[in-house]
Amino acid sequence: REGTRLNMLNARKKIVKEKGAAPTDLEEEVAKALFDIEVSPSSDIKAELRDVVISGAREVEVGKGGGAVVIHVPFRVWKTVRKIQGRLIRELEKKFNKRHIVLVANRTILDKNFKRKGLKVRPRSRTLTSVHQ
(Lines give C-alpha, C1' and ligand atoms only; values in the text may rest on other atoms or scores of the structure.)
Protein backbone atom coordinates (compact mmCIF):
# COMPACT_ATOMS: atom_id res chain seq x y z
CA ARG A 1 0.00 0.00 0.00
CA GLU A 2 2.86 2.39 0.82
CA GLY A 3 4.53 1.55 -2.50
CA THR A 4 1.47 2.52 -4.54
CA ARG A 5 1.23 5.88 -2.78
CA LEU A 6 4.90 6.53 -3.47
CA ASN A 7 4.42 5.63 -7.14
CA MET A 8 1.47 8.05 -7.39
CA LEU A 9 3.60 10.86 -5.94
CA ASN A 10 6.38 10.14 -8.44
CA ALA A 11 3.87 9.90 -11.28
CA ARG A 12 2.38 13.24 -10.18
CA LYS A 13 5.79 14.84 -10.88
CA LYS A 14 5.26 13.95 -14.55
CA ILE A 15 2.36 16.44 -14.77
CA VAL A 16 3.07 20.16 -15.14
CA LYS A 17 -0.05 22.33 -15.09
CA GLU A 18 -0.13 26.11 -14.97
CA LYS A 19 -1.25 27.89 -11.81
CA GLY A 20 -1.59 24.66 -9.83
CA ALA A 21 -4.67 23.32 -11.63
CA ALA A 22 -5.66 19.84 -10.49
CA PRO A 23 -4.90 17.03 -12.96
CA THR A 24 -7.75 14.95 -14.39
CA ASP A 25 -7.99 11.17 -13.99
CA LEU A 26 -6.81 10.63 -17.58
CA GLU A 27 -3.76 12.86 -17.02
CA GLU A 28 -2.87 10.90 -13.88
CA GLU A 29 -3.28 7.65 -15.80
CA VAL A 30 -0.96 8.88 -18.58
CA ALA A 31 1.59 10.12 -16.01
CA LYS A 32 1.52 6.75 -14.25
CA ALA A 33 2.03 4.96 -17.58
CA LEU A 34 5.02 7.20 -18.36
CA PHE A 35 6.45 6.57 -14.92
CA ASP A 36 5.96 2.79 -15.29
CA ILE A 37 7.79 2.83 -18.63
CA GLU A 38 10.59 4.89 -17.06
CA VAL A 39 11.16 2.50 -14.11
CA SER A 40 10.73 -0.78 -16.01
CA PRO A 41 14.10 -2.57 -16.28
CA SER A 42 13.51 -3.65 -19.90
CA SER A 43 12.81 -0.12 -21.18
CA ASP A 44 15.34 1.19 -23.71
CA ILE A 45 14.02 4.79 -23.52
CA LYS A 46 14.47 5.08 -19.75
CA ALA A 47 17.13 7.83 -19.84
CA GLU A 48 15.22 10.05 -22.27
CA LEU A 49 11.94 9.67 -20.36
CA ARG A 50 13.47 11.13 -17.20
CA ASP A 51 13.02 14.70 -18.55
CA VAL A 52 9.65 14.16 -20.23
CA VAL A 53 6.59 15.68 -18.53
CA ILE A 54 3.03 16.27 -19.75
CA SER A 55 0.93 19.41 -19.50
CA GLY A 56 -2.41 17.80 -20.30
CA ALA A 57 -4.27 14.87 -21.82
CA ARG A 58 -7.62 14.58 -23.54
CA GLU A 59 -9.63 11.71 -24.98
CA VAL A 60 -11.09 12.18 -28.47
CA GLU A 61 -13.57 9.96 -30.33
CA VAL A 62 -12.26 8.80 -33.71
CA GLY A 63 -14.34 6.96 -36.30
CA LYS A 64 -16.88 4.33 -35.28
CA GLY A 65 -16.38 3.72 -31.57
CA GLY A 66 -12.64 4.24 -31.73
CA GLY A 67 -10.86 6.56 -29.35
CA ALA A 68 -7.58 8.42 -29.24
CA VAL A 69 -5.66 9.97 -26.37
CA VAL A 70 -4.14 13.36 -27.17
CA ILE A 71 -1.18 14.06 -24.88
CA HIS A 72 0.02 17.67 -24.59
CA VAL A 73 3.74 18.14 -23.92
CA PRO A 74 5.48 21.44 -23.04
CA PHE A 75 7.48 22.79 -25.98
CA ARG A 76 10.77 22.75 -24.03
CA VAL A 77 10.72 18.92 -23.86
CA TRP A 78 9.37 18.46 -27.40
CA LYS A 79 12.85 17.86 -28.87
CA THR A 80 13.38 14.92 -26.50
CA VAL A 81 9.91 13.53 -27.24
CA ARG A 82 10.57 13.68 -31.00
CA LYS A 83 13.65 11.48 -30.61
CA ILE A 84 11.76 8.68 -28.83
CA GLN A 85 8.30 9.28 -30.32
CA GLY A 86 7.90 5.96 -32.16
CA ARG A 87 8.95 3.77 -29.23
CA LEU A 88 7.04 5.91 -26.71
CA ILE A 89 3.79 5.70 -28.68
CA ARG A 90 4.19 1.91 -29.04
CA GLU A 91 4.66 1.51 -25.27
CA LEU A 92 1.75 3.82 -24.42
CA GLU A 93 -0.59 2.05 -26.87
CA LYS A 94 0.18 -1.22 -25.08
CA LYS A 95 -0.76 0.37 -21.73
CA PHE A 96 -3.93 2.05 -23.07
CA ASN A 97 -5.33 -1.17 -24.64
CA LYS A 98 -4.81 -0.27 -28.31
CA ARG A 99 -6.26 3.24 -28.20
CA HIS A 100 -4.42 5.59 -30.54
CA ILE A 101 -1.90 7.97 -28.97
CA VAL A 102 -1.19 11.45 -30.36
CA LEU A 103 1.60 13.63 -28.94
CA VAL A 104 1.18 17.41 -29.33
CA ALA A 105 3.53 20.23 -28.30
CA ASN A 106 2.08 23.09 -26.23
CA ARG A 107 3.59 26.27 -27.62
CA THR A 108 3.40 29.62 -25.86
CA ILE A 109 2.32 32.72 -27.76
CA LEU A 110 3.82 35.95 -26.43
CA ASP A 111 1.79 39.05 -27.27
CA LYS A 112 3.28 42.38 -28.31
CA ASN A 113 3.40 43.40 -24.65
CA PHE A 114 5.95 40.70 -23.75
CA LYS A 115 8.21 43.04 -21.76
CA ARG A 116 6.16 42.57 -18.58
CA LYS A 117 7.13 38.89 -18.67
CA GLY A 118 10.72 40.04 -18.13
CA LEU A 119 12.00 39.39 -21.64
CA LYS A 120 14.07 41.83 -23.70
CA VAL A 121 13.26 40.45 -27.14
CA ARG A 122 10.41 38.26 -28.34
CA PRO A 123 11.72 35.15 -30.09
CA ARG A 124 10.24 34.54 -33.55
CA SER A 125 9.13 31.07 -32.44
CA ARG A 126 6.78 32.68 -29.86
CA THR A 127 4.89 34.95 -32.27
CA LEU A 128 1.27 34.24 -33.16
CA THR A 129 2.16 33.69 -36.82
CA SER A 130 4.94 31.24 -36.04
CA VAL A 131 2.91 29.20 -33.54
CA HIS A 132 -0.02 28.78 -35.95
CA GLN A 133 2.08 27.67 -38.93
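Which residue lies over the face of F75? In this predicted model, that position is taken by R107, which sits at 4.9 Å from the ring centre.

**Sheet**
- Three strands form an open sheet in the order β1-β2-β3, and their pairing is mixed.
- The edges of this sheet are β1 (56–62) and β3 (100–106), each of which pairs on one side only, while the twist from one strand to the next averages 25°.
- Strand β2, spanning residues 66–74, runs parallel to β3 and is joined to β3 by 7 bridges; within β2 and β3, H72 stands opposite V104.

**Helices on the sheet**
- Helix α2 packs on the sheet through β1 and β2, and the direction of α2 makes about 105° with that of β1.
- Helix α4 lies across β2 and β3, where α4 runs at about 160° to β3.

**Contact between α2 and α4**
- Helix α2 (residues 25–39) packs against helix α4 (residues 78–95) at an angle of about 115°, and their axes are 10 Å apart.
- On the α2 side the contact is made by A33, L34, D36 and I37, and on the α4 side by L88, E91, L92 and K95.
- The residues of this contact comprise 5 nonpolar and 3 charged, with no polar ones.
- The crossing of α2 and α4 is right-handed.

**Aromatic rings**
- A search of the whole structure finds 0 aromatic pairs, whereas the face of F75 has R107 lying over it.

Terms used. Residues numbered from 1 in each chain as written. Predicted model: local features only at pLDDT ≥ 70, side-chain atom pairs only at ≥ 80, totals over all residues. Heavy atoms only, no water. Phe/Tyr/Trp six-rings, centres within 6.5 Å; stacked < 30°, edge-to-face > 60°. Lys NZ or Arg CZ within 6 Å of the ring centre and 35° of its normal. Axes fitted to C-alpha atoms, helices over the stretch in contact; angles between N-to-C directions. Helix = DSSP H or I, 4+ residues; strand = E, 2+ residues; numbered from the N terminus. Left-handed = near helix turned anticlockwise from the far one by under 90°. Contact = heavy atoms within 4.5 Å. Nonpolar A, V, L, I, M, F, W, Y, C, P; charged D, E, K, R; others polar. Pairing = 2+ DSSP bridges.
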